Amino acid sequence: MTTERMPLIGRDSELGLLDRLLADLAADAEGRPAVLDISGEAGIGKSRLAHELCRRAARGGATVLRGRATEYERHIPFQPFTDAFADLDPAVRESFPAVAEVAPVLRACVISPAGDMTQALTGAARSAARFGLHRATAALLTHAATTPLVMVLDDLHWADPASLELLDHLVRHPPRARVLLAVARRERQSPAPLTAALLRGTDTGAVRRTVLGPLDERSCVARLTPGLDREEAVRLFAASEGNPLYLLALLQAHREGASVNRLSTTGLGALLLDELTRLGAEQRRLVEVVAALGDHATPALLAPVTGRAPADLAADLAELTRRDLLRTGPHGRLTLRHPVLRSLVHDGTDPWLRTETHRLAAAALARAGAPPAELAHHAERSLSGWDPETAGVLIQAAEQAADTAPASCAHWLGAVLRHLPHTPDHAARRRELMLRRARALGACGELQESRDLLHQVIAMPDPAGAGNGGRADEGTSEETGEVTGAGTGGSRASAVVLCAVMERHLGRYTEAAALLRRELHRDDPAPSPADQVALGLELGSSAPHDTSYPTVRADMARTLAVARSLGDEVGVAGALAVAALGEAYEGETTEADMYARQAAALVDSLPDDDLTGLCEQLARLGWAEAFLERLADAERHADRGLAIARRTGRLHLLPHLLLCKAHVHIQICRPVSAVELADEAEDIARGIGSDELLAFVLATKAHAVVAACPPGDPRPLAVAEEAVAAAGLGVNWWASIARCMLGYAALTAGDPARAREAVLQAGGPGLHRLQPSMRPLFLEVLVTAAVAAGDVDEAKQWARRAREEAERLDLPVQRASAMRSAANISLGLGDTGAAADLFLSAAEESTRSGGLFWEAFSLLLGAPLLAADPEGPRRGQAAWHRGRRLAVAGGSALLTGLADAVGPAVAEAGDGPERRLAELTAREREIAGLVAEGLTSPAIADRLCLSRRTVETHVSRIYRKTGVSSRAALAALIVTRMSGPAFSG
């Protein structure tokens, strides 16, 4: 855009990379990177290389979209994407079915040379979903990629937060089409989220990175300084330090008469500003206006801002273009030659003139019908004192951005608050705007700033009538604590509840509970009964995340009683849902079932409009029902919550609803859809910025990915490791569940030692930190790991506890898990008949709650044992066929892989074990026999005077030859053989 005329020299390797990427794009090569990351210092040639990519892509028949971020417009949402999509063929855009969902990205307004303002899209951006917009944008790129498509985003170090969030989504979920996204940025000026997103993509292979360094002396001197004395050329190159922008500025100054001696000590800024000294006053003012207007600098807008006639401007614009100070870009926009030059001019302009320029620009854009975000940029920079009309523009832009670009919303509300007078007649307005800004800060992940602002709100004097009015809160969101009661947006209770949510997301559960209890016990004035319900519901939300439900059980009983006394059905339903989840988590299944059924009956009787503020409690009810293994009810209530949250724009409420549904889909053997649900929840969690929420999302995703991926796939373990990293070193529920999923993933990856370590760390002393309602499943990991390590005694202890926990819970899936643990013990002891019966019973038990995944898992584990029974080959084959059918129908690659692994053993069971065992060498048969006796690898090594590594190598060969994958299965095979001739060398 600004450096297309600069010669491209010394970049042969980079050009080769571009050609390879474009060739792979055209061929849609498997494993090709989806993103090219071009980084380097200012003036090093990033934009020139990006231009070359666009030129070569267009020459090859690709669709090219190019946009850029700009230094002084960092709060205009989606600016670089909007700029790029302005190049999209209107017919492509209009044929996209979900065009309304991408309205905030396609909202670009362009000023035609004739001066008329036309909006690329009409429609309310407010209706667009923040994270749905990310997926819709990826879908639009896929829709547009009928031929290879290249999107280049330049100067992304200046991108707005909403654009960085969208880019992060595209890096993690690249469009499934021939699309290449290229970004150019200054490394040292890149914000942390941008750097993190690109580094993550580099690790996964989605991003290919190239760093531009200084040019070499030989190529620069030879290509850029023809006719110049070599010694002088070398001195100028040395002064430029290989930076092409700096070198070209030095050469230009030298051509205009400056001596090499002076230039060799002149900085780039001084060189560029020197070019302005030769301009007349009106030309200099014109350059300053272009620098201030940024992407709005068109001949049509320059006239009203400068007060000059278009014809009068033409001569000066031509001269400035001839001097290469100004260049004309897409849609007639004028830009300065380089962002560095714009920065120097902008910052060197008299502040009063800049303010006046923005005031005039805002007025002209308003007359042309520009969207609020475009007006807000100039309105903010024109605001030098309190102006209600200008503040109204900023508030309108903030309102429109609240759902899709909360960081911009928070920024514009902050600008209004800075100028709002601190007078009594503005106090109520200030309180309202502070609350709205705090919600926006929470939604974009600025949790600490939101919390600090809310403490200021709480410290403000109570508004008139507070404490004795109507309901202050119809419910609060898990992610932002958004208060939904009508007419009470400024109530003290609203601020306290929202502040407690921020404290929770910051991991400060003690502070959150103390804040809520203090507010509940205030007596001057005391919180109204409606406020008591809101505060009590939030207090109950601390369980089970950081405290056990019994510590808040009495508080929830009081909250429920107050809600009933008010006749507040929504409050009653919320309290019942919180109580149901609390009791279900603790394993108090009788009480949990009672509360869940009461909550469900009430929720099912209420219309959707009454449940608008209950989305979080619908998630709690769904999770309670999931823990109680009432899977259909859990999914039904999660679906209802999702529909309400999406329709009302409360997208920050979605993660727990999505994860509840994902959990159900794992249980019913639909892991692919579970992964998709977890992916959507991950997008939102990353946007919110809560590490603990992200840990829970990733833990659930790891559970789903384990089931969806084939055995040996590294992805489940990678997701589980990221979940543990997000949870940190805490000892709360989030950390416990993340480590449990790491144990599960490690076990399926064939690392029982790591699995054991992870679950023991998750459980802590006595394993009391393991979720009581799912403890048998986690204990099964320990049992399986112990049996795999040959430690049957330890396995027996864990299996005994699993049985006791399952009997207390009286839940089918948990009982089935305890049965599998017992089956593994039987295998370890060589009792294959008992193990087979237990696996079969576990499968039958799982069907009682619809746990199809666990039914198939149990059947496939038991199938080879049943088939090996002389009287039961048909039972084994029947078990295998049903297990595999469930696995294939549900799309579980883990179970399909297990079915394929045990299939030969089931099919060959009629032939007996002789053929497989006969393939073993004498030493292998000897070691296999010792494994069957229950000896560990170290014990076998000691007995046979071998190294442990040698023993483990023999065991691996035995597994391969016999078709088994565990010590337990090998023992079962040998025990079966022992009923015939003696098994010896």
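**Cysteines, sheet and charged pairs**

A: In this predicted model, Cys499 is buried, its relative accessible area being 0%. A search of the whole structure finds 0 disulfides.

Turning to the sheet, 5 strands are arranged in an open sheet with the order 2-5-6-1-7 and parallel pairing. Strand 2 (63-68) and strand 7 (207-211) are the edge strands, each pairing on one side only, and from one strand to the next the twist averages 15°. Strand 1 (residues 35-39) runs parallel to strand 7 and is joined to it by 5 bridges, with Val35 having Val207 as its bridge partner in strand 7. Helix 1 (residues 12-27) packs on the sheet, where it touches strand 1, strand 5 (149-154), strand 6 (179-185) and strand 7, and its direction makes about 165° with that of strand 7. Helix 7 (residues 192-204) also packs on the sheet, touching strand 1, strand 6 and strand 7, with its direction at about 135° to that of strand 6.

Helix 6 (residues 161-172) contains His169, which counts as buried at 4% relative accessibility. Leaving aside residues up to four places away in sequence, His169 touches His134, Arg135 and Asp683. Asp683 is itself buried, with a relative accessible area of 5%, and it forms a salt bridge with Arg172 in which the closest N and O atoms are 2.7 Å apart. This pair links distant parts of the chain, since Asp683 is in helix 32 (residues 671-688) and Arg172 in helix 6, 511 residues apart. Both residues belong to a network of salt bridges that also links Asp168, Arg200, Asp679, Glu682, Arg686, Lys701 and Glu722.

Elsewhere, the side chains of Glu380 and Arg418 meet in a salt bridge at 3.9 Å, N to O. Glu380 lies in helix 18 (residues 372-382) and Arg418 in helix 20 (residues 406-419), so this pair ties together parts 38 residues apart in sequence. Arg418 counts as exposed, at 56% relative accessibility. Glu625, by contrast, counts as buried at 0%, and it forms a salt bridge with Arg630, the closest N and O atoms being 3.7 Å apart; Arg630 is buried too, with a relative accessible area of 14%.

Key:
Residues numbered from 1 in each chain as written. Predicted model: local features only at pLDDT ≥ 70, side-chain atom pairs only at ≥ 80, totals over all residues. Heavy atoms only, no water. Disulfide = S-S within 2.5 Å. Buried < 20%, exposed > 50% of the residue type's maximum accessible area, 1.4 Å probe, protein only. Pairing = 2+ DSSP bridges. Helix = DSSP H or I, 4+ residues; strand = E, 2+ residues; numbered from the N terminus. Axes fitted to C-alpha atoms, helices over the stretch in contact; angles between N-to-C directions. Contact = heavy atoms within 4.5 Å. Salt bridge = Lys/Arg side-chain N within 4 Å of Asp/Glu carboxyl O.
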